[in-house]
2 protein chains.
Amino acid sequence: MPYIPLKENLPGITGLLDYRQDTALPIRQLTQILLRGESTLTPGERELIATVVSSGNECKFCTAAHTAAATAFLHDPSIAEQVKQDISTAPVSEKMKALLTIASAVQKKGRLVTPEMAAAAREQGATDRELHDTVLIAALFSLYNRYVDGLASVTPAEPAFYHRLGDILLEKGYLPSTDRYSNL
Amino acid sequence: MPYIPLKENLPGITGLLDYRQDTALPIRQLTQILLRGESTLTPGERELIATVVSSGNECKFCTAAHTAAATAFLHDPSIAEQVKQDISTAPVSEKMKALLTIASAVQKKGRLVTPEMAAAAREQGATDRELHDTVLIAALFSLYNRYVDGLASVTPAEPAFYHRLGDILLEKGYLPSTDRYSNL
């Protein structure tokens, strides 16, 4: 049971973003810019970063939600699953492997990102902006994972819930909308 | 040396917020609402939450900056220092000890916040909003700490730098302004 009163029909992050909407707005805006804004990384690749970080932080709600969102974009459920299991053998580009390795270090602690990791990403063609965004997306999901679990928000058990949420995140993105969760 | 090109006169978080200003704006807005907006926690108490989390994440820049900001509000450098050493014996209210204990758990992992920690804070008079804001501030600084260290931004060595930054954070808060760092 959550540590503060949240609407029962809004599990996970959704109830928290509803609970304090003035803080929710910049969180949503930041997420929309980073995960859906202009970028040389696809939305599916950026959702994989969110997935790897949420998995490392053992946030079940966020992991299931962003696994579903990544899969909605990538049309292949095995990609997110393999990325969570082992980045080095997952079916993603060498550049994405290097960026996901950096994201995984950021998830544990910022100082664990080494010059060698940054150089390895550059060797695979990663740009300044891609390095920057990978670190900031990983940092943002370190926020989300703590927000969701630190207040013990509810984690639905049914896989169908996350399929619906993944489709909402693909179709509507992260900005607020009045009918946002009408299909959830 | 930072992993991406940042302005040399803007160390720590300042160069990162300058590097990508479209993502910086919602980060700044969220911080301003949480740390300076209306609250039953004082700005000094909220800066102590930022300090404890940054210290736990071993982010030297953020720890020094928010120690200085807390001290600018609380007029006693020993308070932030003692909070970093041992929350249980620090010269803060019993409610703040319970909230800082929750923040410290969030810093490590969201799931480490226990129902007993939430109940202990309530026994000392903590409200729903105070519990919520403590968790979200701790989550936000888990983002900042990773952003600053994950890209290897520069950490100035001189204590005087952080005294000036603490005064700026007291006088100007977190929103962008053109002359923001003219005294830094």
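In this predicted model, both F61(B) and Y162(B) are buried. Their rings belong to a set of 8 aromatic pairs that the structure holds over all chains. Chain B and chain A bury about 4,100 Å² between them, and the count of salt bridges between the two chains is 6.

**Aromatic pairs in chain B**

- A pair of aromatic rings is described by the distance of the centres and the angle of the planes.
- For F61(B) and Y162(B), the ring centres lie 5.7 Å apart and the planes stand at 65°, so the pair is edge-to-face; the angle is over 60 degrees, the cut-off for that class.
- This pair links distant parts of the chain, 101 residues apart. F61(B) belongs to helix α4 (residues 60–74) of chain B, and Y162(B) belongs to helix α9 (residues 159–171) of chain B.
- F141(B) and Y144(B) form a tilted aromatic pair, with 5.0 Å from centre to centre and 35° between the planes.
- Because F141(B) and Y144(B) are 3 residues apart in helix α8 of chain B, about one helical turn separates them.
- F141(B) has 0% relative accessibility and therefore counts as buried. Y144(B), at 5% relative accessibility, also counts as buried, since buried means under 20%.

**Aromatic cluster in chain A**

- F61(A), F161(A) and Y162(A) form one aromatic cluster.

**Extent of the interface**

- The size of an interface is often given as the accessible area lost when the parts come together.
- Of the area of about 4,100 Å² that chain B and chain A bury between them, 62% is on carbon and sulfur atoms.
- The contact takes 46 residues from chain A and 46 residues from chain B.
- In chain B, the residues that lose the most area to chain A are Y3(B), R20(B) and R146(B), which together make up 18% of what that side buries.

**Polar and charged contacts across the interface**

- Between chain B and chain A, 6 salt bridges are counted.
- D133(A) forms a salt bridge with R20(B), and the closest N and O atoms of this pair are 2.9 Å apart.

**Elements and composition on the side of chain B**

- The elements of chain B that give two or more residues to the side touching chain A are α1 (12–19), α2 (21–36), α6 (94–108), α7 (115–123) and α8 (128–150).
- With 15 residues, α8(B) gives the most to this side.
- The residues on the side of chain B that touches chain A divide into 22 nonpolar, 10 polar and 14 charged.

**Residues with positive phi in chain A**

- E58(A) has a phi near 55°, a positive value in a residue other than glycine. E58(A) is placed in the loop between α3 (43–56) and α4 (60–74) of chain A.
- E58(A) counts as partly exposed because its relative accessibility is 46%, which falls between the cut-offs of 20% and 50%.
- H75(A) has a phi near 60°, likewise a positive value in a residue other than glycine. H75(A) lies in the loop between α4 and α5 (77–85) of chain A.
- H75(A) counts as exposed because its relative accessibility is 69%, and exposed means over 50%.

Note on methods. Residues numbered from 1 in each chain as written. Chains lettered and ligands numbered in written order. Predicted model: local features only at pLDDT ≥ 70, side-chain atom pairs only at ≥ 80, totals over all residues. Heavy atoms only, no water. Contact = heavy atoms within 4.5 Å. Buried area = accessible area lost by both parts, 1.4 Å probe. Salt bridge = Lys/Arg side-chain N within 4 Å of Asp/Glu carboxyl O. Helix = DSSP H or I, 4+ residues; strand = E, 2+ residues; numbered from the N terminus. Nonpolar A, V, L, I, M, F, W, Y, C, P; charged D, E, K, R; others polar. Phe/Tyr/Trp six-rings, centres within 6.5 Å; stacked < 30°, edge-to-face > 60°. Buried < 20%, exposed > 50% of the residue type's maximum accessible area, 1.4 Å probe, protein only.
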